[in-house]
Amino acid sequence: MSKPKFQLDDVKAHARGKWDMIFPQFAIAMPPKKRHAPCPACGGSDRFRYDDKKEMGDFYCNGCGAGDGFELISRCTHLSFPQVLEEVAAIVGLTADTKITDADRKRWKKEADMRERIRLEEEAKIQKNAARKAQSLWRSTHQGSECAYLERKKVPNFGCLINHEGDLIVPLFDENGEMWNLQYIKYDGEKTFLKGGRVKGCFHFIGTVELQDPVICIAEGYATAASIHLATGYPVAVAFNAGNLLPVGMAIQKNNPHARLIYCADDDSAKENTGLNCANEAVAVTGGIVLLPEFKQGAAA
Ligand SMILES: [Zn+2]
């Protein structure tokens, strides 16, 4: 490898803020920013987060560690760091010396597709096992009566179980009514799902859909959803997290093509407005409207 004809700092300065354009040159498909997602380099299901914090393609991965865009390209393509640097220098117009060919890109794309296929198969297997576990736990859990979480939130139990520890157990179903997962909510609002259990596109439904001019609300958490149902009488689907608003909206729409959807986003303006952003994205796909709560504290925890 000959000595690079440019400085690292130079390449960095020219690459800053251009990673949306740079990554595709290496056949790397990045997930939306600030969402947990599979890692383009090492897979998984939600171990990866792309935040581009310093506009250097910055990411964090629980599997292969944090790094910047150069590092990610190196991990995905197995090019050495100097090679990556040289190629990025060419992409941002510092040199004309690119050695990447379309055949390389094709190969990387093929490798990425293969990784994704293996990941999906593995994920499906784990989710099926979790679904079996959820169904058997659901059948065998003896219904308790005291739930400090529900008392604190001042909402009733709509179709959930309460175990003897007083945890609220919220079931997750797909649009065909198949149970996939359980969410356990402790007194203090701490929430856990069954390990590896499917969440995407799954929901818990409160209330019944009207035949005439149906309206269906979609909210993030159980307590918020139950409060909305109490206040409005509308049926509400619990989507469990902001990133699931759209998949749940699409699932609901499959069964209720004429329903008007109301996305009730959590007001988490402190956390970069994830709820509102996800709700807006969902509306762009399924139609409907977004409502933000007026209360600042309470039902969200
Ligand atoms: Zn990784």
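Student: Which cysteine sulfur is closest to the sulfur of Cys217?
Tutor: That would be the one in Cys264, 4.4 Å away. Keep in mind that this is a predicted model. The distance is too far for a bond, because a disulfide needs the two sulfur atoms within 2.5 Å.

Student: How many disulfides does the count come to, then?
Tutor: The count comes to 0 disulfides.

Student: And is Cys217 buried or exposed?
Tutor: Buried, with a relative accessible area of 2%. Cys39 is buried too, at 5%.

Student: OK, zooming out. How many helices and strands are there?
Tutor: The protein has 9 helices and 12 strands. The C-alpha trace spans about 75 × 40 × 35 Å along its principal axes.

Student: What share of the residues is buried?
Tutor: Of the 301 residues, 44% are buried. As for the surface, the protein exposes about 16,200 Å², and carbon and sulfur atoms supply 53% of that area.

Student: What about charges, how many positive and negative?
Tutor: There are 39 positive and 39 negative charges. Their mean positions are 4 Å apart.

Student: How many bridges hold strand 4 to strand 5?
Tutor: 2 bridges, antiparallel. Ile162 has Leu168 in strand 5 as its bridge partner.

Student: And which residue in that hairpin takes a positive phi?
Tutor: Gly166, with phi near 85°. The hairpin of strand 4 and strand 5 has 5 residues between the strands.

Student: Moving along, how many bridges join strand 5 to strand 6?
Tutor: 6 bridges, and those strands run antiparallel. Phe173 stands opposite Met179 of strand 6. The hairpin of strand 5 and strand 6 has 5 residues between the strands, and there Gly177 takes a positive phi near 85°.

Student: New topic: Ile22. Where does that residue sit?
Tutor: Ile22 is found in helix 2, residues 19-25. Ile22 is buried, with a relative accessible area of 0%.

Student: Which residues does Ile22 touch, leaving out those up to four places away in sequence?
Tutor: Ala15, Ile73, Val88, Ile91 and Val92.

Student: How far is Ile22 from Leu137?
Tutor: The two are 47 Å apart in space, C-alpha to C-alpha. In sequence they are 115 residues apart.

Student: Last one. What share of the contacts with a separation of 6 or more comes from residues 24 or more positions apart?
Tutor: For this protein, 54%.

Methods:
Residues are numbered from 1 along each chain as its sequence is written. This is a predicted model: local features need pLDDT of at least 70, side-chain atom pairs count only at pLDDT 80 or more; totals for chains, interfaces and linings use all residues. Side-chain values use heavy atoms; hydrogens and water are left out. Helices (H or I, at least four residues) and strands (E, at least two) are DSSP runs, numbered from the N terminus. Buried means under 20% relative accessible area, exposed over 50%, partly exposed in between (1.4 Å probe, protein chains only). Contact means heavy atoms within 4.5 Å. Accessible areas come from the Shrake-Rupley method with a 1.4 Å probe; for residues, only the protein chains shown count as cover. Lys and Arg count as positive and Asp and Glu as negative; His and the chain ends are not counted. The place of a charge is taken as NZ of Lys, CZ of Arg, CG of Asp or CD of Glu. Two strands pair if DSSP finds at least two bridges between them.
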